[in-house]
Amino acid sequence: MIKISNTLTRKKETFVPLINGHVSMYVCGPTVYDFFHIGNARTFITFDMVRKYLEFSGYKVTYVMNITDVDDKIIERANKEGISTKEVAEKYTEEFFRDVEALKIKKATFYPKATEHIEEMLELVQALEQKGIAYNSDGDVFFDISKDKNYGKLSGKKLENLQASERSEQGDKKNNFDFALWKSAKEGEPFWESPWGNGRPGWHLECSVMSSKYLGETFDIHGGGIDLTFPHHENEIAQSECSTGKPFVKYWMHAEFLNINDEKMSKSLGNFFTAREVLKKYPAEAIRMLFLQKHYKSPINYEVVFIEEAKNSVEKITNAYRRGLERAGVLKGGEFAYRNRIEDFKIGMDDDFNTAIGISIVFNSAKEINLLLEKDFLSEEDLDELNGELRFLEAADSILGILLPKSETGDKFNALMSVVLKLRSSLRDKKDWESSDLLRKELENIGIRINDTSQGTKWDLK
RNA sequence: GGCAACGUACCCAAGCGGUAAGGGAGAGCUCUGCAAAAGCUUCAUGCAUCAGUUCGAAUCUGAUCGUUGCCUCCA
């Protein structure tokens with residue numbers, strides 16, 4: 001039984017999908033005006049893990065992530081670079097997919113784009129207008145929040161306590177917190193025709209429209225970063241529920257931030273690293289380990305020492321796995337050990353996707369493997385246990401994505417290495433420690449690590 | 001000002017009323033020509049502070065201190 005912390009109810013609830021065996025899930029995706037930063041990556045990786053765990057648990061998951069390809073920032077960027085908004089959006093959509101793949105994030109079922117759903121958005125705005133909930137003000141259409149008595153139910157905010165914003169959207173609004181459904185086009189901005197004149201959709205509209213199009217008017221899980229709770233998700237609820245009269249989402253999930261120096265990482269503060277930059281220095285597995293080692297609802301502080309540590313952890317686990325595989329041969333059996341580990345793993349993961357516990361079980365398994373590998377002879381039972389542990393690591397990895405890929409070196413390279421190691425062996429036989437140590441050091445410098453073990457000399461790419 | 005979250009060892013971090021998981025660092029040992037890797041042992045009578053509830057509290061209640069987030073584009 002999976003439990004989920006639901007932002008809407010502020011409680012941990014047993015997860016029961018609307019349709020038995022099937023999960024409909026929507027997560028707010030990128031606005032494609034730039035590379036995404038490593039903080040955005042945390043949200044994407046969090047929900048990638050959630051999705052994979054649901055699938056592992058036997059659900060068929062329909063996963064939708066939107067691409068916001070029309071927005072102020074895209075316009076700003078296009079003007080700055082002297083190219084069209086379309087070109088900016090296309091470029092960074094492509095870059096988004098490259099980073100997603102590099103981070104070992106499984107592709108969503110659908111990646112709908114805002115600009116491809118303008119028709120449906122217009123329909124939603126018109127429906128709200130007809131109900132007297134939306135009003136036209138000089139080509140801008142606003143949502144009248146005074147008409148929605150449930151407004152604020154997600155974020156727990158009360159209208160009278162909201163602070164008037166200094167940067168609130170321009171236009172004649174009835175209430176300061178009414179938000180734009182449709183914005184009239186300004187000079188030089190992309191626009192679409194509408195009953196209220198040329199303009200473009202407000203930010204919140206696309207998520208209401210595209211989620212219902214691909215998942216239905218009510219769906220199971222809606223995810224995003226915690227900062228989207230208000231106003232974005234609040235407004236999505238307002239739009240959708242006022243137009244359909246049905247509950248919009250059953251479970252709202254929000255991932256906490258990645259901080260720098262205990263402060264929120266954000267584009268506007270300028271204290272961020274792009275995922276692309278970090279991926280140049282560290283493997284995706286280390287990034288995933290760093291994030292997944294902590295529960296998704298706790299803030300993480302990003303520091304170089306922490307990602308270094310995560311990288312070492314990932315190497316340690318991968319080493320145990322690889323060495324175990326070498327010793328075990330073809331994986332088979334091991335039912336008992338596998339079941340035991342999976343059971344512990346599930347206890348953690350079922351409890352609101354507690355990956356911190358999941359990973360501690362992975363460490364326990366790696367330790368057990370290393371312990372078995374200490375033995376010179378493996379009994380039938382030992383081998384069976386080893387198999388079970390390895391199978392568990394593979395299962396856990398299919399959700400967490402923390403095992404390093406095998407470095408592909410090619411037959412010639414492998415043959416060359418065996419010549420080099422043979423040479424070093426003969427030097428060691430002659431007790432020429434100076435030369436053999438020099439060789440080891442030189443190899444280390446070019447990223448090849450040598451270990452002299454009781455089972456012979458092993459090498460590995462760093 | 002309103003609304004939230006959080007404070008566990010040297011560091012990171014689980015824990016959600018039954019007596020402190022896991023990882024890293026440190027120390028000692030085993031293996032080893034050395035190094036590395038791996039293993040073993042060790043490392044919080046205590047969980048921000050102070051009261052209270054309870055047979056029993058890191059866990060519940062209240063107060064205090066501290067940190068952060070949201071209320072405005074944001075993952």
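Residues are numbered from 1 along each chain as its sequence is written, while chains are lettered from A and ligands numbered from 1 in the order in which they are written. Because this is a predicted model, local features need pLDDT of at least 70 and side-chain atom pairs count only at pLDDT 80 or more, whereas totals for chains, interfaces and linings use all residues, and side-chain values use heavy atoms, with hydrogens and water left out.

**The chain as a whole**

- Chain A contains 14 helices and 15 strands, where helices (H or I, at least four residues) and strands (E, at least two) are DSSP runs numbered from the N terminus.
- Along the principal axes, the C-alpha atoms of chain A fill a box of roughly 90 × 50 × 35 Å.
- Of the 462 residues in chain A, 49% are buried, a term that means under 20% relative accessible area, with exposed over 50% and partly exposed in between (1.4 Å probe, protein chains only).
- Chain A exposes about 23,000 Å², of which carbon and sulfur atoms supply 50%; accessible areas come from the Shrake-Rupley method with a 1.4 Å probe, and for residues only the protein chains shown count as cover.
- When contacts (heavy atoms within 4.5 Å) in chain A are taken between residues at least 6 apart in sequence, 76% of them join residues at least 24 apart.

**Domains**

- The domain assignment gives domain 1 (15-264), domain 2 (302-400) and domain 3 (410-461), with bounds that come from an automatic or database domain assignment.
- The C-alpha centres of domain 2 and domain 3 lie 28 Å apart, and the contact takes seven residues from domain 2 and four residues from domain 3.

**The parallel sheet**

- Strands of a sheet pair through backbone hydrogen bonds, either parallel or antiparallel.
- One open sheet of four strands has the order 4-3-9-10 with parallel pairing, where two strands pair if DSSP finds at least two bridges between them.
- Its edge strands are strand 4 and strand 10 (249-255), each of which pairs on one side only, and the twist averages 20 degrees from one strand to the next.
- Five of the six residues of strand 3 (residues 22-27) are buried, so strand 3 is largely enclosed by the rest of the structure.
- Strand 3 and strand 4 (residues 60-65) pair in the parallel sense over six bridges; V23 stands opposite V61 in strand 4, and M25 has Y63 as its bridge partner in strand 4.
- Strand 3 is also joined by three bridges to strand 9 (residues 219-225), which runs parallel to strand 3, and Y26 stands opposite H222 in strand 9.

- Four strands form an open sheet in the order 5-6-7-8, and their pairing is antiparallel.
- The edge strands here are strand 5 (134-137) and strand 8 (199-201), each pairing on one side only, and the twist averages 25 degrees from one strand to the next, with axes being lines fitted to C-alpha atoms (for helices over the stretch in contact) and angles running from 0 to 180 degrees between N-to-C directions.
- Four bridges join strand 5 to strand 6 (residues 140-143), and these two strands run antiparallel.
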